Amino acid sequence: MPYFLLGFSHSAFLFTILFSEANSEDATMANTMVIQQPKPFVQAITSNQWSSDICDCTKDMSSCCLAFWCFPCFACITAREAGECLCLPLLNGFGLIPPATMSLRVGIRQRYGIEGTMCNDCVYSFFCGPCTWCQMSREMKTRLQPVTLINPHVR
């Protein structure tokens, strides 16, 4: 028998074996009834604490650098991401205690159920304004991550 015909018959033989195995698996799966589907595990952040400390700028260096080099732009962008008016941070110049920073920090704490007091918010807003804005930005990014579904029964 010529060599090229031997290869062809060998391929046809393998195809026949694979095709018959596939049909037997289809028949087995068609006769199998699934009683309970595996339930995905939902992993979400539901802590009553800030996900990062006030001085954890190294956790998000791009935001930290933007806040350092162009703080007004960073504050306006963060306010917009929080769903507030883009110009809200510009109101900080009209008071001894930055009202926009403090109100946004209180709003984020209430939105995500983070424990704290208005006194702490006032102190952080007054003494650590840029760090407070960075913390609020990191918190929103952390809390707004898409929900991750984990299926432990993946084979």
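This is a predicted model: local features need pLDDT of at least 70, side-chain atom pairs count only at pLDDT 80 or more; totals for chains, interfaces and linings use all residues.

Analyst: Start with aspartate 121. Aspartate 121 sits in helix H5, which spans residues 118-127. Its relative accessibility is 1%, so aspartate 121 counts as buried; the cut-off for that label is under 20%.

What does the side chain of aspartate 121 make a polar contact with? One partner is the side chain of arginine 105, at 2.8 Å. Another is the side chain of arginine 109, also in a polar contact of 2.8 Å. Set aside the neighbours within four places in sequence, and aspartate 121 is in contact with Met102, Arg105, Val106 and Arg109.

The arginine 109 pairing also counts as a salt bridge. The closest N and O atoms of arginine 109 and aspartate 121 are 2.8 Å apart. This pair links distant parts of the chain, with arginine 109 in helix H4 and aspartate 121 in helix H5, 12 residues apart. Both ends are buried: arginine 109 as well as aspartate 121. Together, Arg105, Arg109 and Asp121 are linked in a network of salt bridges. Side chains of opposite charge can pair when their charged atoms come close.

Now the other salt bridges. The whole structure holds 5 of them. One of these joins glutamate 139 and arginine 143, with an N to O distance of 2.6 Å. Both residues lie in helix H6, 4 residues apart, which is about one turn of the helix. Glutamate 139 and arginine 143 are both buried. Another salt bridge joins lysine 59 and aspartate 56, at 3.8 Å from N to O. Is lysine 59 buried or exposed? Lysine 59 has 56% relative accessibility, so it counts as exposed.

Next, the nonpolar side. The largest nonpolar core has 16 residues. Within this core, Leu104, Ile108, Trp133 and Met136 have the most contacts. Which elements give two or more residues to it? They are helix H2 (61-69), helix H3 (71-81), helix H4 (99-112) and helix H6 (129-143). The largest share comes from H6, with 4 residues. Leucine 104 shows some of the packing. Beyond its neighbours within four places in sequence, leucine 104 is in contact with Ala79, Ala82, Glu84, Trp133 and Met136. In soluble globular proteins, nonpolar side chains tend to be buried together.

Last, the aromatic rings. A search of the whole structure finds 2 aromatic pairs. In one, the ring centres of phenylalanine 68 and tryptophan 69 are 4.9 Å apart and the planes meet at 85°, so the pair is edge-to-face. Phenylalanine 68 and tryptophan 69 are both exposed. In the other, phenylalanine 126 and phenylalanine 127 have ring centres 4.8 Å apart and planes at 90°, so this pair is edge-to-face as well. Phenylalanine 126 has 39% relative accessibility and therefore counts as partly exposed. Phenylalanine 127 is exposed, at a relative accessible area of 62%.

Note on methods:
Residues are numbered from 1 along each chain as its sequence is written. Side-chain values use heavy atoms; hydrogens and water are left out. Buried means under 20% relative accessible area, exposed over 50%, partly exposed in between (1.4 Å probe, protein chains only). A polar contact is a pair of N or O atoms within 3.5 Å; within protein, one must be able to donate a hydrogen and the other to accept it, and residues adjacent in sequence count only if both atoms are side-chain atoms. Contact means heavy atoms within 4.5 Å. Rings of Phe, Tyr and Trp (its six-membered ring) pair if their centres lie within 6.5 Å; planes under 30 degrees apart count as stacked, over 60 as edge-to-face and the rest as tilted. A nonpolar core is a set of buried Ala, Val, Leu, Ile, Met, Phe, Trp, Tyr and Cys residues joined through side-chain atoms within 4.5 Å. A salt bridge is a side-chain nitrogen of Lys or Arg within 4 Å of a carboxyl oxygen of Asp or Glu.
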